[in-house]
Amino acid sequence: MRRRSEGELAALNDGCKENKRVSSNSMLLCCKLFISESRNRAALDSIERAARLDPETIIVNKFEDRAYNRVRYTLVSYVVHDCTGQAVYSPLQQTVMAMAEAAFEAINLELHSGAHPRLGVVDDIVFHPLARASLDEAAWLAKAVAADIGLKLQVPVFLYAAAHPTGKALDTIRRELGYFRPNFMGNQWAGRAMPEVLPERPDEGPTHVSRARGISMIGARPWVALYNVPILSTDVSATRRIARMVSARGGGLPTVQTLGLVHGEDATEIACMLLEPNQIGADRVQNRIEMLAAQEGLDVERGYFTDFSPEMIIEKYVKLVSSRED
């Protein structure tokens with residue numbers, strides 16, 4: 001979808017007394033964009049230039065991990081509705097599309113390697129509602145971006161969570177596609193590890209997979225916290241055992257998903273996704289990992305979040321918008 005002019009936006013709301021144009025801190029959507037690269041500075045510069053083309057989308061955070069060879073951008077902008085209350089426009093759509101296009105032009109998945117699993121150059125895009133925005137609005141934007149990437153860039157896209165017709169979980173789709181199986185040195189990922197023709201039809205885009213681009217996962221969900229815990233050991237098998245016992249899938253903590261990964265030359269790490277952080281937070285995860293690691297004779301460092309809280313993200317967004325307007 002092209003960016004609408006101010007006149008078009010006004011026409012969308014003609015005759016309505018409400019929902020003219022939301023203020024910068026009322027109805028906001030957040031996008032977390034995960035790209036399979038963090039070592040190629042020229043590629044990241046190109047992606048970030050694309051992100052700056054529309055000043056109404058703000059990058060509020062960037063998290064790079066060279067061992068994983070992965071970067072995540074946290075983007076925020078507003079959403080506009082028509083007079084019926086239907087979401088019709090967000091600057092995020094054009095910005096994410098521009099960043100994705102720049103990433104596909106600058107990065108070749110066949111030449112990529114890292115310690116974090118991935119299925120594509122633009123590996124995952126997830127939308128979260130912030131402030132007064134709703135999950136339905138996040139899902140609307142996720143589906144719009146998925147259609148753009150599938151049709152215009154000819155990349156297969158699988159939808160998940162609130163963007164999927166049945167709410168299919170991200171980890172379920174990833175398992176079906178072999179995401180969690182290392183294909184290099186027994187503990188890392190290199191090149192692409194998928195058949196050129198997908199075993200099932202994607203939600204958007206072709207069934208044929210470009211070797212250079214791979215596939216993309218796009219979803220919408222309530223806020224998820226990402227929390228990583230370093231393990232002072234190179235024994236990735238032990239780290240994976242601990243990770244499995246911490247996760248809901250392994251009979252551990254409900255609503256917690258984990259990955260045990262190599263992280264540099266002298267350490268491993270448990271990457272945790274806290275699906276309901278207000279119910280089961282980082283402290284419980286940290287304590288469980290420390291207990292299980294002690295049983296393995298391993299030392300654990302204090303974990304760290306890879307992004308700000310929703311409240312901090314809104315605060316940073318408002319400050320950055322205000323500074324641009326001054």
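Select the lining of the second largest pocket: 10 residues are nonpolar, 2 polar and 3 charged. Here nonpolar means Ala, Val, Leu, Ile, Met, Phe, Trp, Tyr, Cys and Pro; charged means Asp, Glu, Lys and Arg; polar means the others, Gly among them. The model is predicted: local features need pLDDT of at least 70, side-chain atom pairs count only at pLDDT 80 or more, and totals for chains, interfaces and linings use all residues. Residues are numbered from 1 along each chain as its sequence is written, and side-chain values use heavy atoms, with hydrogens and water left out.

Stay with this pocket. Its space comes to about 260 Å³. Lining it are 15 residues, and Trp223, Pro277, Asn278, Ser309 and Pro310 are the closest to its centre. Now colour β11 (225-231) and α8 (310-325), the elements that give two or more residues to this lining. Helices (H or I, at least four residues) and strands (E, at least two) are DSSP runs, numbered from the N terminus.

A pocket is an open set of points on a 1 Å grid over the protein atoms alone, where a 1.4 Å probe fits, with protein on both sides within 12 Å along at least five of seven lines; lining residues have an atom within 4 Å of a point. Points are joined across faces, edges and corners, and the volume is the space filled by probe spheres set on them.

Move to the largest pocket. It holds about 980 Å³ of space. Of its 45 lining residues, select Phe180, Gln257, Thr258, Leu259 and Ala271, the closest to its centre. Then pick strand β12 (residues 256-262), which gives the most to this lining, with 6 residues. By class, the lining has 22 nonpolar, 10 polar and 13 charged residues.

Next, show strand β8 (residues 157-161). Of its 5 residues, 5 are buried, that is, under 20% relative accessible area with a 1.4 Å probe and protein chains only. Phe158 stands opposite Met217 in β10.

Finish on the cysteines. The structure holds 0 disulfides, a disulfide being a pair of cysteine sulfur atoms within 2.5 Å. Select Cys30: the nearest cysteine sulfur, that of Cys31, is 7.1 Å away. Cys30 is buried, at 0% relative accessible area. Cys272 is buried at 3% relative accessibility.

Terms used. Buried means under 20% relative accessible area, exposed over 50%, partly exposed in between (1.4 Å probe, protein chains only). Two strands pair if DSSP finds at least two bridges between them.
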